[in-house]
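Please keep the sequence and the structure in view while reading.

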Amino acid sequence: MEWDLVWFLALAIIEIVGSVAVVLSRKLVHSAFWLAVTLITMSGIYILLKSEFVALIQLLVYAGAVPILFLFGIVLTRRGEEE
Amino acid sequence: MLIDFPIISSILIVSLLGTLLIYLFPAGDRGTKWFAVLLSLVPLALSTVLLLGIVAPGSVELTSISAGGQEFLAYEKAEWIPQAGISFEFGVDQLSGPLVFLTSLLTTLGMIFSWGEKHRTKEFFAMLLFMQATVAGVFVSLDLFLFFVFWEGGLLPMYFLIAVWGGPKKKYASMKFFLFTQAASLLVLLGILVFYWMSGTFSIVEILNQGQVIPLGLYTDLLFFALLLGFGTKLPMVPLHTWLPDAHVEAPTAGSVLLAGVLLKMGGYGLIRFNVQMLPGVSDGLYVLVAVIGIVSIVYGAFVCLAQDDLKRLVAFSSVSHMGFVTLGIGAAMLGGSKLAMAGAVFQLFAHGLISAALFMIAGALGHNVGTRLISKLHGAAKRIPNTAGFMMVAFMASLGLPGLVGFVAEFTVFLGVYEGFEAFFGSGLWVLIPAVAIVITAGYYLFAMQRAMFGPEEEDAGEMKDLHSFEILPLAVLMFFIALLGILPYLLFDPILGWVGGLV
Amino acid sequence: MEFPILSLLLIVPLIGTVLTIAGGKRYAKWVSVIFALISLILSTVLVLHFLPDSFIAFAPDSTGRFFAFEMYSWAPSLGLNYIVGVDGLSAPLVFLTQLLVLMGLIYSWKKEERPHQFFGLILLIGLAITGVFISLDLFLFFIFWELVLIPMYFFIAIWGGPNRHYASIKFLVYTHVGSVIMLLGIFALYLSSGDFTADGARTFNMILYLEAAQTDPLFLQMSLQIPLFIAFLFGFGVKMPMVPFHTWLPDAHVEAPTAGSVILAGLLLKMGGYGIFRISLGILPEATKELWWLLAVFGIVSIVYAAFICLAQTDLKRLVAYSSISHMGFVLLGAATMTEAGIAGGIFQMFNHGLITAVLFMLAGSVKHATGTREIPQLSGLAKVMPKFSLILIIGFFASMGMPGLNGFVSEFLVFLGTYKMFNMIEMGKLIIIPLLGIIVTAAYYLWTLHRVTLGELKESLKNVVDIPRHEAIPLAILTFMIILFGLYPTPVLGVIWPHAQGLTGLLGGP
Amino acid sequence: MIPLEYELALAGILFGIGIFGIIYRKNAIIVLMSVEIILNAAIMNLVAFSSYAINPITGDPGGQVFAVLAIAIAAGEVCIGLGIYIVYFRSRKDINLEEATRLR
Amino acid sequence: MFEYALLIVAAPLVAFLLIIIFGRWTRQGGAAIAIAALGTSFIVSVILFAQVLGLGALGAPVSEEVFKYNWIGPIEFGLLIDNVSALMMVLVSFLCLIIGIYSLGYMAEDKSKTRYYAEFVLFTAGMLGTVSANNFLQFLIFWETMGLCSYLLIGFWYEKSEAASAAKKAFMVTRVGDMLLLIGIMAIFASLGTFNIVEIQARGIPAGALMHVIPLLLFAGAVGKSAQFPLHIWLPDAMEGPTTVSALIHAATMVKAGVFLVARSFPLVAASDIASITVICIGGFTAIFAASMALVAFDIKRVLAYSTISQIGYMILGLGAAALLFEAGHASHGFTASMYHLMNHAFFKALLFLAAGSVIHAVGTNDMRVMGGLHSKMKITSIAMLFGALALSGIPPFSGFWSKDAILHEVFVAGEMYGAIFTFIWVAGVITAFLTAFYAFRLWFMTFAGKTRGDIHPHESPRVMTYPLIALAVFALISGMLAVVIGGFGHLVTFGGTVHEGTMELLTEIFTSPLTYITLFAAVAGIGLAYIVYCKQRVSSEIFVSTSVGRGMQKLLQNRYYLDAAYRGFALHVGMGIARAADWFDRNVIDGVVNGSAKLGLLVARGSDAVDRKGVDGAVDGIAYVVTGSSNRARARQTGQIQAYIAAMVMGMFVVALIMLIYLSGGW
């Protein structure tokens, strides 16, 4: 068994669980967090694919900026008591 | 005396012109009737000449043309629709000549009889004249198309006679009459189409000259059958007769006279001209069918008569019965090659024309003068209306085939021929016993009617009854004269017919 | 005679239309009648040419098929020309058109609602229909064909009855769908026309098609002929109309004003029949030989089915409308026979039906004017108060019924003659019974109607009814006279038609 | 070496989850997040294909270039999307998508 | 050479026309014309008869056909003059003349005399034409003419409903026989190609079934006309007519036409043993059957009517026996005897009827129970009637004796040859003779003897009525003896011409035969019984009905063996039943089919209308509806929800992907 594959499967499981959690989370903040997890995991997969540059960009731009943006959005569109 | 004069077209033209001319009279003008009757004498005179030319060739000579071994007299031909090969082609022979005469005669007599008609007199007489033209046209046409034109044309005046001058159920009756006979006409049309297609011509003369136009086989049989239905409806034969009683009951007297006197004859004429003359040699089974239909019509019609109360209805059904003799005669003649049967059938056409006309006149007169035609309401009327009773007696006797009157000659010769024919075909002529039963039944219903209507004690509270007017007696007397004359001297007409039949059977 | 008579037949009504509409209400009827009369005279002259030993003769075209031939280039690059001419098929119809237009005008003499437009449109529609009959260029043909729809639409939409919007839209859309499918056929013809023209150029010239069909019936592939045939049949069938594409007709008739109905039934329907004979039979003979049964089946179904429906109608106009469908079935059946008699009968039936149905629609209009209703159950015993009306009704009904001595009989008889012959060829002669059946049903509904309308007790409400006025009686009398005339002496028309029928029969030569 | 099929399968699963999220959730922000997941799945495809391209050593850099571009655009898209939401929220006080039927 | 014979038939025919045209303007309603014509006929007949006899040279039959003319085609008409027809013509014209004269008195009060005389002379013409016809068709024509006149005359007083229905009954019943006769005649024509009687007699029917059928059919005609069992029922009812008519038509002449028919077709009957035996049986049975019914009748004319039937039964019986014997090679004595009886019966039965008429004229009723004791008041009538009764009973030297005896003798001979059955019939004949004598004198005694029972005021009839009675009475006395005097009736009428006897041989033969005495004894016994019961009244007539058998018998007889009721029931129930059924069938079934198909047509019409409105038009409207409707529905789908759009988009994507997948994978 190759280690690459083991890593990949592990990352893939996290990825899937994470994205499912994004979709199903009751609270928006949890979703945002799970989104971050997903995006970070994704950069791991990019590394496994030998695309280190992309992985870096993913980590910086996507995993870094996007969840933050979401959090802003969540805060800004929040009504009295958020579900 | 050679007559080289377009007699036939003159008959038709005079009648048709007369129809139009009558319309020029102001409504309610007394001259209308005179004009119509006098005008109708012209066709009558011309048809008498025709008749003379046929029954007494020595006295009057007519131009003739030979067709398939037979001769047509007073032959005329003129183009009409040349594209389709349709022309005005006229001629008469021993079959049609007497019928033309009968048509003219009954028209004149019917007009005289209707002298008292008050409702739309002008149109009434016009219709009678028109009827005369169309019916005579059927008999004289030697072009199939023309034949059909007149055939259908004959429906029109009759339809109006019933629909306008008819009794309470006139709508139903006239509709039924029209549709029934229209349906029959379609079968006739079909037959005409077949003839045209097979022979390439509409001319009866040419078709007869071509001999066996239609190759024998199933097809011919079907054609025969279709034509039988077509003409049989007009005849009428059981079970296609049901329009007749209704039509008669509702029709005015003159209408009934013409209906029974000549319109039915169109069916018989068609049967003989088409089914026999132009379509020889079909399966024997069909001739058996014709004969059986004849027998059924005779017996069935007679039985139904027995149960009638309305005199007109009775006479109507007796027509069904008597026209059965025509069918029977034709069937038997074709089965066993009996000339007498065929000649008898032809003669019956003429005889029944005279007799039924008289019968309907009497029934009509009862309706006008007494106010009822119901036998059960007339009892003991003879005392009050002796003339009516007397004429009724003679007419009944003629109709029930009393020897010495014209009906007997026809029925007897048919029976005789049927005996001959059945003997030749079935091996025994005694089958004739079956239709002969009708002789007894016929006597039964007439005598029963006579007894209940005219004899017996006088009804105390019977309303006023008027006897025949003189204008009613005259036509009846003329009819009686012919009935007796041809009963006593039948050879005047019968022998020419027999001679003609000789070339046919 | 070198004289652009056909062009005049188009120009005169056009001027008439313009002048009538421009002339205003006061002069409308006189102006329009005068122009219609001129057209009628011109068309009479035209028909005279075809009579044997006529003193009037028009120049034929190069093939000798068409007379009073005119041809002007229009768009040569597209093979588009202005070609007009008449032959035995179109001449009677042209005459009929002018006749009915004039009769329709006279009948509508007392029109009060926008008379100038009404009369103008009648002239215009006459022009368009004449154009259909005389144009020998497929494109021109189609232009006129479509042109007919417009005035007709306005007729119904402006002067129609209560349900006119539905009816007019239905009419327009329905027939337009038919036209469009036909247009596809025309284009297909045009596109494949390069194969047989001498110089290989595409053309709309109908004469060339007819000639090609004459010399080589297979000038179009069968794989093309058959769809073309069906496309044209659909176009013509809707117009004709044949069951089951007929439902626009009753609605259109019921709502249309009388003159509109007269023209609609008398002329518009004939366009379909004309197309069948001219294009389906004349240009696509091989397809016809294959698919004649389609015509026959549609014809027979139309005859019988519509006749039955008539029996159930209570509206006099609706009844006549359905009877039109039934009688136009004879045209189809006649065409299907591919025999001289059948084809001549079919063409003659168009002419006769034009006369008869015009009379019947006029009568339906008259009875509405006189009594205020066309509902048969509400009419009774009219013979007493409306003798003239009743007499003409009787003649009209009997003519329509096919009573010998009146013109309808001659054509129906000829159709039957041909049908029988053709059925016989395929050994099904007995089938002729089916269309014959239609005649009985026809007789039934007419007689029944006759009974109910003219005979019987006069209703209280109808006591004060007056007979038809003179302006209605005149056209009725003229048409009735022609019905009787052509019934007794059909040769003048039949003689014109017959050679054409012979030509078509020679081309088709049976199934 | 991870087989390409595994990559594609993962990408497909993510895509499906994303679609599910778009359709299922009513909250506009979660929808936007789902969109991000879908985009991720797509970008992963790009990267995967590029690394398995004709040259097994270097791969095809084109895919990685597009991936980077896509990431950049996705980030921008989120910005814009959230901006719209905010504007929308200001006018409607709600960003529940079921209520947002004015497109109709 | 007999051309003038045409005058015999023509005279009454001409008279008929003259009477119906001018009769109403002449006195006595044309009676003078009638009498003149009848007289002419009679005189010419006598001349003819004399000439025929003169030529015949005692017995050799003369036959000649005169005055032929073509009726139609192959059918010729003419007169056949031979011994039989000449004799019949004399007989008929004589009786007609006598009764015509009698009518002058009898009918003097009637209003419709013109009609009476017209019908009367027409009948005469018919009867004369029948007997002189040279062919069966002509025979049938005149035969039917008689039938018509019979009908008209029975129904002369048509305002009596009994008369009207009796007339109808007579015509109908005879019509049944006529129909069969017609068929028989046709069958003859079909097998021999001719109607000519002479030719038919000469050639005979070729062997085969028809050989038996034809004579039977002809005989059926005779049965109808001569009122033989089972078609006898009309004759008693026919007495509703004037008595003169009863005398002439229903006793003396017309009913004999049946006998005459059998005589004319004698060789045909003889050729078939079946036919001969049938004739004998019918004749014998009718004789005793009718006589039995005469026993209980109280209507004076009905008694005579039954008597007539019975006597004609004798004649038929004689002819049948003669036919049987003739075929076996014997001389045709029976033929002669029958014709002999025909003649005698004509005289005495006419006499009886006219006498009865005279009585009825006098007392105004037919019912014998109210008569009695008339002898003193109407001597001439009484004595004339006594002569008639004696003749009827067969008491020598009255005429009936001679001929009846000859017939019974012939039957006995047949019985000797053919066994018990004929002997039985002979015994029946003898019993009939007894019954005849009994009822004849029952009638006479009840009418003329004893005391008047009812309230009646009789007086003797006028001379115009009594003179004919006297004349006929004379004939009743002498007509039998005359034949004996000239050496047997065989000199006048035979068939085959082999009967030659002298007067003395004849008398010897008759009065030496024990058979004669048996018959005579029966007759005398009958008279004696009648004398005891009805004249002296030593024994009450109640004695006959004292036992239950007697009562039953009486009831049976008074109800005429229930045959009338049976026929009536048959006609009413079976005939009218069929008629009603046929009428019902016509009105309901045949017409029902017609009307039903009309309704069906209308139904189809409504149906197609509905289909057209809903179906075909619906399809058109439907297309429009589908277009607008589907766009409406599609619009409803556009919720404006982005998610929905996306969902749809995804679905679409799936579909596209699927298609691409399939496509790329190269098909399924």
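**Cavities and a surface patch**

The residues around the second largest cavity comprise eight nonpolar, two polar and two charged members. The model is predicted, and a search of the whole structure finds 10 cavities of 30 Å³ or more.

- The space in the second largest cavity amounts to about 60 Å³.
- Chain B contributes B:Phe148, B:Glu152, B:Gln182, B:Leu186 and B:Leu189 to the lining of this cavity.
- From chain C, the lining residues are C:Met401, C:Gly402, C:Phe409, C:Glu412, C:Phe413, C:Phe416 and C:Ile439.
- Helices α5 (144–153) and α7 (170–199) of chain B, and α15 (407–425) of chain C, each provide at least two residues of this lining.
- The greatest contribution comes from α15(C), which supplies four residues.

- C:Phe409, one of the residues lining the second largest cavity, is located in helix α15 of chain C.
- Is C:Phe409 buried or exposed? Its relative accessibility is 4%, and C:Phe409 therefore counts as buried, since the limit for that class is under 20%.
- C:Ala399 stands 10 residues away from C:Phe409 along the chain, and the C-alpha atoms of the two are 7.0 Å apart.

**The largest cavity**

- The largest cavity has a volume of about 100 Å³.
- How many residues line the largest cavity? There are 13, and those nearest its centre are B:Gly401, B:Phe408, B:Ile439, E:Arg175 and E:Leu182.
- At least two lining residues come from each of three helices: α16 (406–426) of chain B, and α5 (136–154) and α6 (161–192) of chain E.
- By class, eight residues of this lining are nonpolar, one is polar and four are charged.

**A nonpolar patch on chain E**

- On the surface, a nonpolar patch is formed by E:Val14, E:Leu17, E:Leu18, E:Ile20, E:Ile21, E:Phe22 and E:Trp25.
- Together, the residues of this patch have about 710 Å² of accessible area.
- E:Ile21, a member of the patch, belongs to helix α1 (residues 6–22) of chain E.
- Because its relative accessibility is 45%, E:Ile21 counts as partly exposed; this class lies between the buried limit of 20% and the exposed limit of 50%.

How values were computed: Residues numbered from 1 in each chain as written. Chains lettered and ligands numbered in written order. Predicted model: local features only at pLDDT ≥ 70, side-chain atom pairs only at ≥ 80, totals over all residues. Heavy atoms only, no water. 1 Å grid on protein atoms, 1.4 Å probe; cavity = no way out; pocket = protein on both sides within 12 Å on 5 of 7 lines; lining within 4 Å. Points joined across faces, edges and corners; volume = space filled by probe spheres on them. Nonpolar A, V, L, I, M, F, W, Y, C, P; charged D, E, K, R; others polar. Patch = residues over 30% accessible without salt bridge, like charges linked within 9 Å, V, L, I, M, F, W, Y side chains within 5 Å. Areas by Shrake-Rupley, 256 points an atom, 1.4 Å probe, with all protein chains shown as cover. Salt bridge = Lys/Arg side-chain N within 4 Å of Asp/Glu carboxyl O. Buried < 20%, exposed > 50% of the residue type's maximum accessible area, 1.4 Å probe, protein only.
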